[in-house]
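The sequence and structure are shown below.

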Amino acid sequence: MIAKHGSRTGKLYGTTWLALLALTGVMLLVDGSPLPRAALLAVLLSAMLLKASLIGANFMHLRSERLPLTVMVIVGLLVTGTILFVLIAPDAVRISTMTPYR
């Protein structure tokens, strides 16, 4: 579907794009701020979740789909993320205990 300039769909995509751009800017500003690690992590994860929700709802058109399809996509993403985390976490723990090479 091609959105005409000035149409409702075009405005939705433009607004979503601007929101994603603003969230990215906030994430970059927060990254350079002297926040405690837990607060930094909470803000960045919240922003990433909000960005993923905006992309899924507007660009993947999940807002207008039936609930079972939306739930299936969300569950699939969560399962994939969990599998990737489980596979990567042991290496992250191992790397943090390694001594630097000299």
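## Terms and basis

A residue is called buried when its relative accessible area is under 20%, exposed when this is over 50%, and partly exposed in between, with a 1.4 Å probe and protein chains only. The model is predicted, so local features need a pLDDT of at least 70 and side-chain atom pairs count only at pLDDT 80 or more, whereas totals for chains, interfaces and linings use all residues. Residues are numbered from 1 along each chain as its sequence is written, and side-chain values use heavy atoms, with hydrogens and water left out.

## Model confidence

The average pLDDT (the predictor's confidence in each residue, from 0 to 100) is 87 for the chain, and 93% of the residues score at least 70. Helices are DSSP runs of H or I with at least four residues, numbered from the N terminus.

## Threonines in two helices

T16 belongs to helix α1. This residue counts as buried because its relative accessibility is 4%. Its side chain reaches the backbone oxygen of L12 at 2.7 Å, a polar contact (a pair of N or O atoms within 3.5 Å, one able to donate a hydrogen and the other to accept it; residues adjacent in sequence count only if both atoms are side-chain atoms). Apart from neighbours within four places in sequence, T16 is in contact (heavy atoms within 4.5 Å) with L54, N58 and F59.

T70 lies in helix α3 and counts as buried because its relative accessibility is 15%. Leaving aside neighbours within four places in sequence, T70 is in contact with L62 and E65. A polar atom of the T70 side chain lies 3.3 Å from the backbone oxygen of L62. From C-alpha to C-alpha, T70 and A57 are 9.1 Å apart, with a separation of 13 residues in sequence.

## The largest pocket

A pocket is an open set of points on a 1 Å grid over the protein atoms alone, where a 1.4 Å probe fits and protein lies on both sides within 12 Å along at least five of seven lines; lining residues have an atom within 4 Å of a point. Of its 18 lining residues, L49, A52, S53, I74 and L77 are the closest to the centre.

Helices α2 (37-59) and α3 (67-97) each supply at least two lining residues, and the largest share, eight residues, comes from α2. The lining comprises twelve nonpolar residues, five polar and one charged. Here Ala, Val, Leu, Ile, Met, Phe, Trp, Tyr, Cys and Pro count as nonpolar, Asp, Glu, Lys and Arg as charged, and the others, Gly among them, as polar.
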